[in-house]
Amino acid sequence: MISLTDSQKIGMGLTGFGVFFLFFGMILFFDKALLAIGNILFVAGLSFVIGLERTFRFFFQRHKIKATGFFLGGVLVVLIGWPIVGVVLEVYGFFLLFRGFFPVAVGFIRRVPVLGYLLNLPGISGLVDKVGESNTMV
């Protein structure tokens, strides 16, 4: 079992609330306030979970500058008040930032009984294979 420090537990809670507020903000037709709160909680929670220095090193690696610009630029655009444009920028930046993690996640999900079956359905398997093999940074 993985043991977590108190700050990592707080970070998991903040990240979970951030994802909840982001999801709820999108459900409620891109509500600016909920999306802004979700963004702030998500980034703060990530910093608590992995630490400030590792968060900074993750976002500001030389080959991830473009992805970081899109992600943090999207957060800024949401905070300014253009939620749809900001969320589009954030999603693009998120996919660029975490592209290297997708093959690991797809491999794990394929071993889960019900989800693995769903990922192997004819219409979905091609898309999942394409996402699962993309581990290079553009």
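The model is predicted: local features need pLDDT of at least 70, side-chain atom pairs count only at pLDDT 80 or more, and totals for chains, interfaces and linings use all residues. Residues are numbered from 1 along each chain as its sequence is written, and side-chain values use heavy atoms, with hydrogens and water left out.

## The whole chain

The chain has eight helices and zero strands. Its pattern along the sequence reads α-α-α-α-α-α-α-α. Helices (H or I, at least four residues) and strands (E, at least two) are DSSP runs, numbered from the N terminus.

The C-alpha trace spans about 40 × 35 × 35 Å along its principal axes. The accessible surface comes to about 9200 Å², and 75% of that belongs to carbon and sulfur atoms. Such areas come from the Shrake-Rupley method with a 1.4 Å probe; for residues, only the protein chains shown count as cover.

Of the 138 residues, 31% count as buried. Buried means under 20% relative accessible area, exposed means over 50%, and partly exposed lies in between (1.4 Å probe, protein chains only).

Take the contacts between residues at least 6 apart in sequence: 54% of them join residues at least 24 apart. Contact means heavy atoms within 4.5 Å.

## Two helix pairs

Two packed helices are described by the angle between their axes and the distance between the axes. Here, axes are lines fitted to C-alpha atoms, for helices over the stretch in contact, and angles run from 0 to 180 degrees between N-to-C directions.

| Helix pair | Axes come within | Crossing angle |
|---|---|---|
| H2 (residues 32-50) and H3 (residues 52-59) | 6 Å | roughly 115 degrees |
| H6 (residues 102-110) and H8 (residues 122-133) | 8 Å | roughly 140 degrees |

In the H2 and H3 pair, Leu46, Ser47 and Ile50 come from H2, while Leu52, Arg54, Thr55 and Phe59 come from H3. By class, this contact has four nonpolar, two polar and one charged residues. Ala, Val, Leu, Ile, Met, Phe, Trp, Tyr, Cys and Pro count as nonpolar; Asp, Glu, Lys and Arg count as charged; the others, Gly among them, count as polar.

Serine 47 is buried, at 16% relative accessible area. Leaving aside neighbours within four places in sequence, serine 47 is in contact with Leu52 and Thr55.

How are H6 and H8 oriented to each other? They are oblique. Angles under 35 degrees count as roughly parallel, over 145 as roughly antiparallel, 65 to 115 as roughly perpendicular, and the rest as oblique. On the H6 side, Phe102, Pro103, Val106 and Arg110 take part; they meet Ser125, Val128, Asp129, Val131 and Gly132 in H8. The contact of H6 with H8 has five nonpolar, two polar and two charged residues.

## Aromatic rings

Rings of Phe, Tyr and Trp (its six-membered ring) pair if their centres lie within 6.5 Å; planes under 30 degrees apart count as stacked, over 60 as edge-to-face and the rest as tilted. The count comes to 11 aromatic pairs.

One of them joins phenylalanine 20 and phenylalanine 21 edge-to-face, with 5.7 Å centre to centre and 70 degrees between the planes. Phenylalanine 20 is partly exposed at 44% relative accessible area. Phenylalanine 21 is partly exposed too, at 22%.

Phenylalanine 42 and phenylalanine 71 also pair edge-to-face, at 6.4 Å centre to centre and 65 degrees between the planes. Phenylalanine 42 lies in helix H2 and phenylalanine 71 in helix H4 (residues 65-80), so the pair ties together parts that are 29 residues apart in sequence. Both residues are buried.

Phenylalanine 71 has a relative accessible area of 5%. Beyond its neighbours within four places in sequence, phenylalanine 71 is in contact with Phe42, Val43, Phe59, Leu89, Glu90, Gly93, Phe94 and Leu97. Its C-alpha atom is 6.0 Å from that of phenylalanine 94, 23 residues apart along the chain.

Which residues form one aromatic cluster? They are Phe42, Phe58, Phe59, Phe71, Phe94, Phe95, Phe98 and Phe102.

## A loop with positive phi

Most residues other than glycine have a negative phi. Phenylalanine 29 has a positive phi of about 55 degrees. Phenylalanine 30 also has a positive phi, near 55 degrees. Phenylalanine 29 lies in the loop between helix H1 (6-27) and H2, and phenylalanine 30 is found in the loop between H1 and H2. Phenylalanine 29 is exposed at 76% relative accessible area, whereas phenylalanine 30 is partly exposed at 28%.
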